[in-house]
Amino acid sequence: MMSSVNQVTQRIAAIERRFTPTIPATQSSNDFATTLSAANAQLSTNSPSPTTGSSTQGGDIAKMIQVAAAKYGVNPKLAMAVAEAESGLSQEAVSPVGAVGVMQLMPETASSLGVRNINDPRENIDGGVQYLKQMLNTFDGDVTKAVAAYNAGPQAVKNYNGIPPYSETRNYVAKVLSLAK
């Protein structure tokens with residue numbers, strides 16, 4: 001019983017760390033729009049390659065992300081940032097709602113993208129980057145809306161004509177755009 005409680009407590013702490021913004025205490029919340037604009041400006045130039053991880057597996061994951069980004073015409077730094085924010089580049093990651101792998105694909109989404117084995121890192125990454133490209137196309141290349149849609153779903157972004165007012169999504173967008181710099 002205590003083991004289960006400890007596991008739940010650890011998972012809650014991990015989720016809180018994942019979505020806690022890393023904004024310096026001296027920065028005011030009024031800088032959110034400025035930060036988003038600056039990050040979007042940097043992302044509009046197609047940067048050549050993502051940062052690779054220090055471990056062999058992290059390096060392999062980074063290479064897979066770079067290949068998928070080239071295949072779908074997605075900025076590799078943006079694809080890497082989404083993977084980092086979603087799973088910390090861990091193929092073993094599984095969310096409480098059932099999202100799986102590096103790109104945290106939901107089984108239904110993965111299936112609709114032609115992913116046969118959601119647990120295979122290459123297929124998971126290919127599907128996730130393909131979905132990111134779909135979101136970029138859906139929102140006419142607007143990186144902020146595409147990233148928000150990757151997290152909250154495209155309908156929520158359409159309903160609010162921008163980032164939905166969910167703190168999880170706002171923090172997620174800020175984190176991805178910061179990582180993609």
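The model is a predicted one, in which local features need pLDDT of at least 70, side-chain atom pairs count only at pLDDT 80 or more, and totals for chains, interfaces and linings use all residues. Residues are numbered from 1 along each chain as its sequence is written, and side-chain values use heavy atoms, with hydrogens and water left out.

Helices here are DSSP runs of H or I, at least four residues, numbered from the N terminus. Helix α4 covers residues 76-87, and its end C-alpha atoms sit 16 Å apart, which agrees with the 16 Å that its 12 residues should span at 1.5 Å a residue (the expected span being 1.5 Å times one less than the number of residues). At its N-terminal end, α4 is capped by Asn75, which places a side-chain oxygen 2.8 Å from the backbone nitrogen of Lys77.

Most of α4 is covered, with 10 of 12 residues buried (under 20% relative accessible area, 1.4 Å probe, protein chains only). Among them are Leu78, Ala79 and Val82. These three meet Val129, Leu132 and Leu136 of α6 (contact means heavy atoms within 4.5 Å). By class, that contact has six nonpolar residues, no polar and no charged ones. The axes of α4 and α6 (residues 121-138) come within 11 Å and cross at roughly 115°, with angles running from 0 to 180 degrees between N-to-C directions and axes fitted to C-alpha atoms over the stretch in contact.

Further on, Ser95 lies in the loop between α4 and α5 (107-112). Ser95 counts as buried because its relative accessibility is 11%. Neighbours within four places in sequence aside, Ser95 is in contact with Arg11 and Gln104.

Technical notes
Helices (H or I, at least four residues) and strands (E, at least two) are DSSP runs, numbered from the N terminus. Buried means under 20% relative accessible area, exposed over 50%, partly exposed in between (1.4 Å probe, protein chains only). A polar contact is a pair of N or O atoms within 3.5 Å; within protein, one must be able to donate a hydrogen and the other to accept it, and residues adjacent in sequence count only if both atoms are side-chain atoms. Ala, Val, Leu, Ile, Met, Phe, Trp, Tyr, Cys and Pro count as nonpolar, Asp, Glu, Lys and Arg as charged, and the others, Gly among them, as polar.
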